[in-house]
Each structure stands twice: as structure tokens, then as C-alpha cells.
Amino acid sequence: MNDYHFEDHHKLLRDQVRRMVERHVAPIASEIDENNRFPQELVEVFGDMGLLQLWVPEEYGGPGGDLTSVCLVKEEIAKVSESAALLAANNSFGLILPILNFGSEAQKRHYLGLSAKGRTLTAVAITEAGTGSDVSSMKTRAHRDGESWVINGAKIYITFGSVAHFILVFARTSEGKGANGISAFLVDTKTKGFSHGPEDRKMGIRGVPNVPIYLDNVRVPAENMIGPEGQAFKTCMRILDLNRPTVGATAVGLAQGAIDLATAYARERIQFGRPIAEFQGIQFMLADMQMQTEAARCMLYDCTRMADRQEWGGFSAKASMVKCFASDTAMKVATDAVQIFGGAGYMRDFPVERFMRDAKINQIFEGTNQIQRLVIARHMLRG
Ligand SMILES: CC(C)(COP(=O)(O)OP(=O)(O)OC[C@H]1O[C@@H](n2cnc3c(N)ncnc32)[C@H](O)[C@@H]1OP(=O)(O)O)[C@@H](O)C(=O)NCCC(=O)NCCSC(=O)CCS(=O)O
């Protein structure tokens, strides 16, 4: 494969991650899915390599990664396990991106410094029972009480919500119309009044705990508000824009992993006296799978380059294109990989059925692909 615009440090990181995946992720990938087990041991491995906290700048004690590094790491890990890829760069969405972009210097020193140690887990809480695509309809409320804010409400489907040390919680702090009046708080999950419910039972990404969380008079110090009061809808949109390419990266990795499995199987599987790889019907499928994945990869690393060069014009639409195109591609590619395996592909003895189950979530979370199309179309129509 082409090396795109990767710099030497990106290639070095990618090679280190490949070796780590072979040693630590590949041996447990099927088992964490089978047992729906959160791989705590990977927290240590990833933390020691700087992979949970990749995006923390060097001046705050972090590895100083960029969007390209985060995506390369996720792509490599997702070739073997989407669940493990979701754990990598865990601190980006819930802590690093909001604090780097909207936090005060004191918040940066404290939280980025903590993240840099490589043992912190975080989550983001936006979604509620009545609030999915329509973020501004959220019902969770926070009111000011002296030097604190007191939060009440419930959120659902919170990824890593049961293991996170800190959760970025979005709540309405005034009854302003629509997007106005929403604020963001970094909540320490040890705070009195915070709790979570039982784990959601999911089709895929097993080993990644998703839970409902409950905030019952959760009191947080005023300094835990991230960004200006009432303006966090924009914080939310901005961190989604920056994180959506990483969903694209996971999807590209998953698709490549499925292609590699299907290609190897097609070479080995004998029917009508020859490997099925010799049949044009299979060759055309494999070629389409690789072509679509390569197109998604080109789009992905073009988008990461934009971000790393701070070229923000049209970035939101570009991030939505990557998330949408790569995840639609991964779903199609994983389904075709199962088809190439035939009956064996439907069995749990082979990993491709897991890839097909895991692929689906990428079309749904961090904004459904219908929402991504809406963002893209709005950008086009604005001219
Ligand atoms: C549907 C949406 C794309 C847009 O929602 P709205 O139509 O309600 O809002 P707008 O009128 O477009 O915008 C209001 C306001 O915000 C500004 N804005 C909009 N987009 C951006 C942006 N990308 N960056 C900065 N600012 C932005 C816009 O200019 C307006 O400001 P003014 O009023 O003009 O000043 C949106 O609601 C959306 O993306 N929905 C999807 C939500 C989503 O992705 N949810 C997923 C949750 S997280 C997850 O799934 C992870 C799993 S988990 O929960 O653990």
C-alpha cells in the first residue's frame, strides 16, 4: 500500500503498533468478543505505549500525536479487533479534544497531565432516551449552586461509561432556544450521585461496555465546566467533527482485516478441483472490496492531513464524508467477506462473522450516516 503523506514518525508508530497488535491484541480478539470481556490488560499496554493519550501535546507530557497518528493506530488495531481499536485513543473524545480546544490553561495542565500518565479512561455523554440525532433536545439539566453545578438526568448507550474515570456530560444550563443554553462538564465518576446501569447487550463491539448513566444531584465544582456556559452545543459539534475521522479509520482497518481474511481463505478453499480464488466471480468481489477500501483510506488520510495542517475550511463536511463513506464501505466489505467464506463465514469458528457484526455500529454511532449526509448536503447548499 501507498504511504500517503505519512512522516517518518507516523511510519515508526504504525510499525510499533503492528508488532503490539500481533503480540497483545490478535491472541485475545475472538475471546473478548465471545466472553464480552473488557480487556483491562490492554489499558496498561496501550497506556504504556502512549496510545490512550496519543493526542496529548508534548508540552503537557504527552506523546504529541496528531489526527493522522490517531487514525493510523486505530486502523492497525481494527484490522484484528474493532473493540480494541475503540479503546485506543480513548482519551481523545471525552477529554483531550474538548480540553485542548475549549479548556483553560489550568484545565489543560491538570487533565492533559493526568491523561499523559496513560491510565485514565474517559467517556462522553450526549445521548438520552429522547435525544439521539437531535442533540439540542436533551433533558439533562444543571443548575448553579454557589461555586458548584448540580447535574440531574440520565444518559444512555455510554461507551466505556462503566469503566471511565471521567465523563464529559452535556446538560442544559438555561432554557435558551435550540442549541443555546447547553454546557459541558467533566464529571469524576466517583462523585456522589453518579451511577451506571447494567451493560447493554449488543450485536457487536463486545468487550466494549456500553451502559446507561444516572446523575442524581451530582455536584461538580464550577471549574469543571469546559468552555463557556451555554455554548457547548458548538463544543459538541466540534469534537464530533474531530473524532468522526477516527470512526472512518476504524472502519478502514476493519474492512482491510476482512479482505485479508477473505483473500487467504479464497486461496485455500478448493471447489471444483481448484482454489476458489481462481474463479472470476470471487476475483471481482475481492477487487471491488479492495478498491472501495482504498478509496476510503485515501479520503481518510486526506482529511487527517487537513486537520494536522489546521486547514479548517470545509473540514466538518469532509469529516462526515470520511465517517459515512468508510463505514458504509466496511459494512459492504465485511458482508462480502462472509459471502466468500460461504457457510463457514456464518459460523463463529471463523472471525469474519465478528467483523460483519462489528461493522454495523460504525454506520450508527457518532452521528448516524443519515446525519452525516445531512451535514454534507447543508455544507454544499450553503455554497
Ligand atoms: C443534526 C446536527 C448536524 C445539527 O443540529 P441542529 O440542526 O440542531 O443545529 P444547527 O442549526 O445546524 O447548528 C446550531 C448552531 O451550532 C453551530 N454548529 C453546527 N455545526 C457545527 C460544527 N460542526 N462546528 C461548530 N459549530 C457548529 C451552528 O453554526 C449554529 O450556530 P449559530 O446558531 O449559527 O451561532 C447535529 O445535531 C448532529 O450532528 N447530530 C448528531 C449527533 C451525534 O452525532 N450524536 C452522537 C453522540 S456521540 C456517540 O454516538 C458516541 C457513542 S457514546 O454516546 O458513547
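Predicted model: local features only at pLDDT ≥ 70, side-chain atom pairs only at ≥ 80, totals over all residues.

Student: OK. Into which domains is the protein chain divided?

Tutor: Domain 1 is 8-116, domain 2 is 122-229 and domain 3 is 233-382. These bounds come from an automatic or database domain assignment.

Student: What does UniProt say about residues 8-118?

Tutor: The unreviewed entry annotates them as "domain: Acyl-CoA dehydrogenase/oxidase N-terminal". Such annotations may be inferred rather than shown by experiment. In the model, this span is 69% helix and 0% strand. Helices (H or I, at least four residues) and strands (E, at least two) are DSSP runs, numbered from the N terminus. The end C-alpha atoms of the span lie 24 Å apart.

Student: How many residues of domain 1 are in contact with domain 2?

Tutor: 24 residues of domain 1 are in contact (heavy atoms within 4.5 Å) with 19 residues of domain 2. About 1,800 Å² is buried between these domains, and carbon and sulfur atoms give 61% of that. Buried area is the accessible area (1.4 Å probe) that two parts lose on being put together, summed over both.

Student: Which residues in domain 1 lose the most area to domain 2?

Tutor: Asn36, Phe38 and Tyr111. Together they account for 27% of what the domain 1 side buries.

Student: How many salt bridges cross that interface?

Tutor: The rule finds 1. It asks for a side-chain nitrogen of Lys or Arg within 4 Å of a carboxyl oxygen of Asp or Glu.

Student: New topic. Which residues of helix H3 are buried?

Tutor: In H3 (residues 40-49), they are Leu42, Val43, Val45, Phe46 and Gly47. Buried means under 20% relative accessible area (1.4 Å probe, protein chains only), exposed over 50%, partly exposed in between. These H3 residues pack against helix H1 (8-25), helix H4 (67-78) and helix H5 (82-87).

Student: And what follows H3?

Tutor: Glycine 50, with a positive phi near 80°.

Student: How many residues has the largest nonpolar core?

Tutor: 98. A nonpolar core is a set of buried Ala, Val, Leu, Ile, Met, Phe, Trp, Tyr and Cys residues joined through side-chain atoms within 4.5 Å. Helix H8 (residues 232-268) gives the most to this core, with 16 residues.

Terms used: Residues numbered from 1 in each chain as written. Heavy atoms only, no water.
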